[in-house]
Amino acid sequence: YKGSCVEPPRNLQIIDPGLLGHLYIEWQPPPSLLTLDQCTVKYKLKYRSTGDADWKVVFTKKLKYGDGFDLSKRTEAKVQTLLEGRCTNESEVKSGWTHATFQVPSQGDLESQIQDFHCVYYNWEHLTCTWQLGRLAPPGARYEFYYWYEGLDHAVQCDDYLQPHGRNTGCNLQNLRQAEYIDFNVCVNGSSASTRLRPSYFTFHLQNLVKPSPPEKLSVSISAYEEVDVEWSPPAGGTPPQCLDYEVQLTEHDGDADAAWASVSTQAETAFTFSQSNRSHVSCVRVRGKTNMFCADQGFWSEWTRECFYVSRKDEKQLFILIAVVLSFLAVVIIFIFAAQRKKR
């Protein structure tokens, strides 16, 4: 390749195909490289959204790349040509950058956006998302929930809305196994006869929103060495057993709100043994589960499974022994007196 520089790519564009934040970045090669056959042509792509501290960087030989973006923010991208091979004496030659930006035109007042958006993927089986109406949403405003993930041809609207007061404030989705470990894009937008409402966009991974069902078949036994042996089973349903860690707690009270709990964590194990000091009549054990670091980056704790049991005090046992000895002694005395009286007669 003659010269010390190479031309940058042409016609860089950021394209929105209507997939709720999944954008495509496309460009064309510089005309001077179309007949080049003695060099390797690659492209260095950098992109980010407003507010991101760092650029995402991709090296590719292709002329198109797709990724997820927050459509409420401005997106910017830049790409350069990288040339290396016989035509450059095996050294890498870089072009300048070609720049492009993209932003969805804003509509509606910011206060018309939904509030407190929250999603939970229950037991790896069904997703429930909820929200509150926008502060400036007019009385007749109607919000709608759309979602998309790779594998769907187009964005899909929710078909099972939560309507506690006759207005959409949530959505239930099922059969989402194929959407795990990839971007799950959501848009909640609205319509009103009196004003335009601003849409809200979200992207997340389902496995990071899992709340498993509580552990099952909790059993507690007291060993001869005054230890508390606790065993349980993973919850039935969609949660993979190998994806759960557990927290086990013991209190030597009746489990009221102010009780002090001794706590331990286990990784996938479904049994634990506590030392028992026998200080009280009633002790309680509770267990809950959460997706572990091998299956997700974060998640929600399940509800507790709880079991309470009776433990005799040491001084109670001593008292029972003393009572038994006294009763036995009294029985012997009564028998002796009764026998003596019969002998006199």
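A salt bridge here is a side-chain nitrogen of Lys or Arg within 4 Å of a carboxyl oxygen of Asp or Glu. The model is predicted, so local features need pLDDT of at least 70 and side-chain atom pairs count only at pLDDT 80 or more, while totals for chains, interfaces and linings use all residues. Residues are numbered from 1 along each chain as its sequence is written, and side-chain values use heavy atoms, with hydrogens and water left out.

**Stop 1: Glu 303 and Lys 211**

Select Glu 303 and Lys 211. Their side chains form a salt bridge, 2.6 Å from N to O. Glu 303 sits in the loop between strand S23 (282-291) and strand S24 (305-310), and Lys 211 sits in strand S17 (residues 210-211), so the pair ties together parts 92 residues apart in sequence. Strands (E, at least two residues) are DSSP runs, numbered from the N terminus. Glu 303 is partly exposed, at 46% relative accessibility. The accessibility classes are buried, under 20% relative accessible area; exposed, over 50%; and partly exposed, in between (1.4 Å probe, protein chains only).

**Stop 2: Arg 135 and Glu 111**

Next, select Arg 135 and Glu 111. They form a salt bridge, with the closest N and O atoms 3.2 Å apart. This pair links distant parts of the chain, 24 residues apart. Arg 135 is in the loop between strand S10 (126-132) and strand S11 (142-149). Glu 111 is in the loop between strand S8 (98-102) and strand S9 (115-122). Now check accessibility: Arg 135 is exposed at 60%, whereas Glu 111 is partly exposed at 31%.

**Stop 3: Lys 56 and Asp 67**

Move to Lys 56 and Asp 67. Their side chains meet in a salt bridge at 3.8 Å, N to O. Here both partners are in strands: Lys 56 in S4 (residues 56-60) and Asp 67 in S5 (residues 64-68). They are 11 residues apart. Lys 56 is partly exposed, with a relative accessible area of 46%. Asp 67 is buried, at 16%. How many salt bridges does the structure hold? There are eight. Side chains of opposite charge can pair when their charged atoms come close.

**Stop 4: Trp 97**

Finally, select Trp 97. This residue is in the loop between strand S7 (93-94) and S8. Trp 97 is partly exposed, with a relative accessible area of 29%. Which residues does Trp 97 touch, leaving out those up to four places away in sequence? Show Lys 44, Lys 46, Lys 78, Val 79 and Gln 80. Contact means heavy atoms within 4.5 Å. Draw a C-alpha to C-alpha distance from Trp 97 to Lys 44: the two are 9.2 Å apart in space and 53 residues apart in sequence.

Notes
Helix = DSSP H or I, 4+ residues; strand = E, 2+ residues; numbered from the N terminus.
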